[in-house]
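User: I have a protein model open and would like to learn how to read its features one by one. Could you walk me through them?

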Amino acid sequence: MTVEVDMGVVASFKAAFRAYPTGVAVIAAAGPDGPVGLTASSVASVSLAPPALSFSVMDSPSARLIVAADSFVVHLLGAAHEDLARQFAEPGGRRFTDDQPWTTLPTGEPLLHGVPAALRCTTLHRLPVGASTVVVAEVADARIGPAGAALTYRERAFHVGR
């Protein structure tokens, strides 16, 4: 099935969401060759009962492993983690290095230390949409870390705020 796309709508859609500020997260899972992770700005709260969130990812090697995983950790980042967000956003960027303090949870997922919140999740639903996949997941464990200034993403740049 071929879908016709109005390129004017696409351009306006991209402009609208470039101007819309979002939070920044690193989503990490255990992969067959070690931990994998990526930066995402699409994390949203979905439900309190059960506690659930959603995110979407575009196709990449890390995204394929995270989408296929039964569980993963969504790390909500703060201003102190801008470098971490950049490293996990860059294709082939540094991930899970000694200067990015992390451990492995007893359940197998990688956990980055010092983030404002780390939410261990199990997948409820996967929905392919175009070249992306929307994941809905139940939060099985929530670890709250140090509070601080917010890190947001807008106009293709990270911003530090309150």
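User: Which residues make a nonpolar surface patch here?

Analyst: Patches are made of residues with over 30% relative accessible area and no salt bridge, where like charges are joined within 9 Å and nonpolar side chains (Val, Leu, Ile, Met, Phe, Trp, Tyr) within 5 Å. Accessible areas come from the Shrake-Rupley method with a 1.4 Å probe, and for residues only the protein chains shown count as cover. In this case Val-3, Val-5 and Met-7 make a nonpolar patch of about 320 Å². Val-3 sits in the segment before helix 1; helices (H or I, at least four residues) and strands (E, at least two) are DSSP runs, numbered from the N terminus.

User: Is Val-3 buried or exposed?

Analyst: Buried means under 20% relative accessible area, exposed over 50%, and partly exposed in between (1.4 Å probe, protein chains only). With a relative accessible area of 57%, Val-3 is exposed. Before we go on, please note that this is a predicted model: local features need pLDDT of at least 70, side-chain atom pairs count only at pLDDT 80 or more, and totals for chains, interfaces and linings use all residues. Residues are numbered from 1 along each chain as its sequence is written, and side-chain values use heavy atoms, with hydrogens and water left out.

User: Now salt bridges. How many are there?

Analyst: Side chains of opposite charge can pair when their charged atoms come close. The rule used here asks for a side-chain nitrogen of Lys or Arg within 4 Å of a carboxyl oxygen of Asp or Glu. By that rule the count comes to 6 salt bridges. One of them joins the side chains of Asp-70 and Arg-126, at 3.9 Å from N to O.

User: Why does that pair tie together parts that are apart in sequence?

Analyst: Asp-70 lies in the loop between helix 2 and strand 6 (71–76), while Arg-126 is in strand 9 (residues 117–129), so the pair ties together parts that are 56 residues apart in sequence. Asp-70 is exposed at 62% relative accessibility, and Arg-126 is partly exposed at 39%.

User: Could you show me some others?

Analyst: Gladly. Arg-120 and Glu-109 meet in a salt bridge at 3.6 Å, N to O. This pair links distant parts of the chain, with Arg-120 in strand 9 and Glu-109 in the loop between strand 7 (102–104) and strand 8 (110–112), 11 residues apart. Arg-120 is buried, with a relative accessible area of 17%, and Glu-109 is buried at 1%. Asp-99 and Arg-94 also pair through their side chains, at 2.5 Å from N to O. There, Asp-99 is exposed at 52% and Arg-94 is partly exposed at 37%.

User: What about pockets? How much space lies in the largest pocket?

Analyst: On a 1 Å grid over the protein atoms alone, a pocket is an open set of points with protein on both sides within 12 Å along at least five of seven lines, whereas a cavity is a set of points where a 1.4 Å probe fits but cannot get out; lining residues have an atom within 4 Å of a point. Grid points are joined across faces, edges and corners, and a volume is the space filled by probe spheres set on the points. The largest pocket holds about 1,400 Å³ of space. Its lining has 38 residues, and Ser-41, Ser-42, Ser-56, Met-58 and Ser-132 lie nearest its centre. Elements that give two or more residues to this lining include helix 1 (7–18), strand 3 (34–40) and strand 5 (51–58).

User: And how do the residues of that lining divide?

Analyst: Ala, Val, Leu, Ile, Met, Phe, Trp, Tyr, Cys and Pro count as nonpolar, Asp, Glu, Lys and Arg as charged, and the others, Gly among them, as polar. The lining of the largest pocket divides into 20 nonpolar, 10 polar and 8 charged residues. For the second largest pocket, with about 220 Å³ of space, the lining divides into 13 nonpolar, 6 polar and no charged residues.

User: Finally, which peptide bond is cis?

Analyst: The bond from Ala-49 to Pro-50 is cis, with omega near 5°. Pro-50 is in the loop between strand 4 and strand 5. For another backbone angle, look at Phe-96: its phi is near 55°, a positive value in a residue other than glycine. Phe-96 lies in the loop between helix 3 and strand 7 and is buried, with a relative accessible area of 10%.
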